[in-house]
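Thanks for making time for this. I would like to walk through one model, beginning with a helix and ending with a pocket.

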Amino acid sequence: MKKTQVHKIKIKDIELEYSVTYRKVKYIRYELRKGKLFLILPKSNKDNIEEVIHKKDNWIYGKIMEYNKEKEILSDKTKDLNLIQRSLPELKSLVNVYIEKYEKILNVKVNRLQFRDTVYKWGSCSTLRNVTLSKNLRFLPDRLVEYIVYHELTHIIVLAHDDKFFEIIKREFPNYILCDEKLNEYNFLIENTF
């Protein structure tokens, strides 16, 4: 596997790490993750990379400032938070308990359950009722694992995050907004621990 080369560029008063990938895409994509810029360019692009980046200086700078502010807030919120230490088999066992529980309550049936190493999602549910969960759920408290399972099984009924979806979510998790905030905190903690 080809290793991505990391470069640095100065934007206003910050030095930013960035990497460049050439793909079969039509337009240039700028992605910011964990305070780093990932530039995705069409394979045919011959533009000067630094000029491409500087075209979006203000947007990039604003996003980095937002990220740094959010990082500071989350650092403070998570200072007393600890990750749960649970093995993958223990997670699978816990998830199966919640799946059995919520299949009955929601009158749904999961077609296939799988666990993956995911970076940005806790879970997903396909139109075929296939549920994919992040292996990182093993670091979450039981109640948040339960919330994710319920959330994904609710997608068997309603695929979109619309009013009907949240009506169902509120039946079991009237405090779902607080759950989402906690998930954000745990995600930050996981990202900064591993």
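**A helix, a strand and a pocket**

Let me start with α6, which has 18 residues and reaches 25 Å from its first C-alpha to its last, close to the 26 Å expected at 1.5 Å a residue, where the expected span is 1.5 Å times one less than the number of residues. Helices here are DSSP runs of H or I with at least four residues, strands are runs of E with at least two, and both are numbered from the N terminus.

Please keep in mind that this is a predicted model, in which local features need pLDDT of at least 70 and side-chain atom pairs count only at pLDDT 80 or more, while totals for chains, interfaces and linings use all residues. Residues are numbered from 1 along each chain as its sequence is written, and side-chain values use heavy atoms, with hydrogens and water left out.

Among the buried residues of α6 are Tyr-176, Leu-183, Glu-185, Phe-188 and Leu-189, buried meaning under 20% relative accessible area with a 1.4 Å probe, protein chains only. Their cover includes α2, α4 and α5. Thr-78, in the loop between α2 and α3, counts as buried because its relative accessibility is 5%. Leaving aside neighbours within four places in sequence, Thr-78 is in contact with Glu-185, Phe-188 and Leu-189, contact being heavy atoms within 4.5 Å.

Strand β4 pairs with β2 in the parallel sense over 6 bridges, pairing requiring at least two DSSP bridges between the strands, and Thr-21 stands opposite Ile-40. Between β3 and β4, which run antiparallel, there are 5 bridges, and Glu-31 has Phe-38 as its bridge partner. That hairpin has 2 residues between its strands, and Lys-34 takes a positive phi near 50° there.

Finally, the largest pocket has a volume of about 650 Å³. A pocket is an open set of points on a 1 Å grid over the protein atoms alone, where a 1.4 Å probe fits, with protein on both sides within 12 Å along at least five of seven lines, and lining residues have an atom within 4 Å of a point. The volume is the space filled by probe spheres set on the points, which are joined across faces, edges and corners. Of its 29 lining residues, the closest to the centre are Val-119, Tyr-120, Asn-184, Asn-187 and Glu-191. Which element gives the most to this lining? It is α2, with 7 residues.

How values were computed:
Buried means under 20% relative accessible area, exposed over 50%, partly exposed in between (1.4 Å probe, protein chains only).
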